[in-house]
Amino acid sequence: MPRPLVEPSLVPALRPALPALAAGVLAAAASGVAMLGALWSVVQLIGEPSMTWAGWACGCGSPG
C-alpha cells in the first residue's frame, strides 16, 4: 500500500492554502518555460542575427 504524500492530520490545515499553492506551482512552471524560450531565442539569435529573434528573447526574458 503506497504511503500518502501528506500526513493525513495536516490536510485540514493545508486545504485553505491549496489554491495559492497551485497558483504558485503554475507560475513557477510558466516562468521555467519562458526562460527556456528566452534561452532558445538567444541561441537562434547567435546563429541568425535578426530583430525577430532579439524581440522574442526580450519578450520571453522580461518579467510579467
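Me: Where is the place of L14?
Reply: L14 sits in helix α1. The model is predicted.

Me: Why is L14 called partly exposed?
Reply: Its relative accessible area is 34%. Buried means under 20%, and exposed means over 50%. The value for L14 falls in between, so L14 is partly exposed.

Me: What makes the nonpolar surface patch?
Reply: L5, V6, L10, V11, L14, L18 and L21 make the patch. Its area is about 650 Å². A patch residue needs over 30% relative accessible area. L14, at 34%, passes that cut-off.

Me: Which helices each supply at least two residues of the nonpolar patch?
Reply: Helices α1 (11-14) and α2 do.

Me: Why is S41 called buried?
Reply: S41 has a relative accessible area of 4%. The cut-off for buried is under 20%. S41 therefore counts as buried. S41 belongs to helix α2, which covers residues 18-47.

Me: Which residues is S41 in contact with, leaving aside neighbours within four places in sequence?
Reply: W53, W56 and A57. Contact here requires heavy atoms within 4.5 Å.

Me: Is A20 buried or exposed, and how do you know that?
Reply: A20 has 58% relative accessibility. Exposed means over 50%, so A20 counts as exposed. A20 also lies in helix α2.

Me: What separates the C-alpha atoms of A20 and S50?
Reply: A distance of 40 Å. Along the chain, A20 and S50 are 30 residues apart.

Me: How many helices and strands are there in the protein chain?
Reply: Three helices and zero strands. From the N terminus, the order is α-α-α.

Me: Why is the protein chain called more spread out than a compact globule?
Reply: The radius of gyration is 19 Å. For 64 residues, the globule rule gives 11 Å. The chain's value is well over that, so the chain is more spread out than a compact globule. Along the principal axes, the C-alpha atoms fill a box of roughly 55 × 30 × 10 Å.

Me: What share of the 64 residues do buried residues make up?
Reply: Buried residues make up 8%. The accessible surface of the chain comes to about 5300 Å². Carbon and sulfur atoms account for 76% of that surface.

Me: What pLDDT does the protein chain average?
Reply: The average is 90. A score of at least 70 is reached by 97% of the residues. Among the elements, α2 has the highest mean pLDDT (94) and α1 the lowest (89).

Conventions:
Residues numbered from 1 in each chain as written. Predicted model: local features only at pLDDT ≥ 70, side-chain atom pairs only at ≥ 80, totals over all residues. Heavy atoms only, no water. Helix = DSSP H or I, 4+ residues; strand = E, 2+ residues; numbered from the N terminus. Buried < 20%, exposed > 50% of the residue type's maximum accessible area, 1.4 Å probe, protein only. Patch = residues over 30% accessible without salt bridge, like charges linked within 9 Å, V, L, I, M, F, W, Y side chains within 5 Å. Areas by Shrake-Rupley, 256 points an atom, 1.4 Å probe, with all protein chains shown as cover. Salt bridge = Lys/Arg side-chain N within 4 Å of Asp/Glu carboxyl O. Rg over C-alpha atoms; globule rule 2.2 N^0.38 Å. pLDDT = per-residue confidence, 0-100.
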